[in-house]
Amino acid sequence: MANEFNQVKHEIARLEDRKKELMAELLEDEKASMEFARYEEEYRILTEENQNLITVHSERAQQLETLRVISQKRQGSS
């Protein structure tokens, strides 16, 4: 009976250690998940900002081309 008690006690200790390991893994997974969500949000913001910059660049390029045409017309008529 004492032998069986020791085996059960040993098994409980082993299971408690495994529980601690799993809890630590869960905590790491939760941290990684939160970090991933933060990276996703940062990517979304940067993608949006990039799209806005592309739009502004395109608009400015059009404005520059319009100014070049106007300048060439003025120089040609002088």
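The structure is a predicted model, in which local features need pLDDT of at least 70 and side-chain atom pairs count only at pLDDT 80 or more, while totals for chains, interfaces and linings use all residues. Residues are numbered from 1 along each chain as its sequence is written, and side-chain values use heavy atoms, with hydrogens and water left out.

The secondary structure consists of 1 helix and 0 strands; helices (H or I, at least four residues) and strands (E, at least two) are DSSP runs, numbered from the N terminus. With a radius of gyration of 33 Å, well over the 12 Å that the globule rule gives for 78 residues, the chain is more spread out than a compact globule. That radius is taken over C-alpha atoms, and the globule rule is 2.2 Å times the number of residues to the power 0.38. Taken along the principal axes, the box filled by the C-alpha atoms is roughly 115 × 10 × 10 Å.

Two pairs of positions put distances on this layout. Glu11 lies in helix α1, which covers residues 2-77. From Glu11 to Leu67 there are 56 residues in sequence and 83 Å in space, C-alpha to C-alpha. Glu42 is also in helix α1, and its C-alpha atom is separated by 16 Å from that of Lys31, 11 residues apart along the chain.

The surface comes next. Of the 78 residues in the chain, 0% are buried; buried means under 20% relative accessible area, exposed over 50%, and partly exposed in between (1.4 Å probe, protein chains only). Glu11 counts as partly exposed because its relative accessibility is 33%, and Glu42 is partly exposed with a relative accessible area of 38%. The chain exposes about 7,700 Å², of which carbon and sulfur atoms supply 57%. Accessible areas come from the Shrake-Rupley method with a 1.4 Å probe, and for residues only the protein chains shown count as cover.

The charged side chains number 12 positive and 17 negative, and the centres of the two sets lie 8 Å apart. Lys and Arg count as positive and Asp and Glu as negative, with His and the chain ends not counted; the place of a charge is taken as NZ of Lys, CZ of Arg, CG of Asp or CD of Glu.

Side chains of opposite charge can pair when their charged atoms come close. A search of the whole structure finds 8 salt bridges, each defined as a side-chain nitrogen of Lys or Arg within 4 Å of a carboxyl oxygen of Asp or Glu. One of them joins the side chains of Glu21 and Arg18, at 3.1 Å from N to O. These two residues are 3 residues apart in helix α1, so about one helical turn separates them. Glu21 is partly exposed, at a relative accessible area of 43%, and Arg18 is likewise partly exposed, at 38%.

Further along, Glu35 and Arg38 form a salt bridge through their side chains, at 4.0 Å from N to O. Being 3 residues apart in helix α1, Glu35 and Arg38 are about one helical turn from each other. Glu35 has a relative accessible area of 36% and is therefore partly exposed; Arg38, at 47% relative accessibility, also counts as partly exposed.

A salt bridge also links the side chains of Glu65 and Arg68, at 3.7 Å from N to O. About one helical turn separates Glu65 and Arg68, which are 3 residues apart in helix α1. Glu65 counts as partly exposed at 42% relative accessibility, as does Arg68 at 44%.
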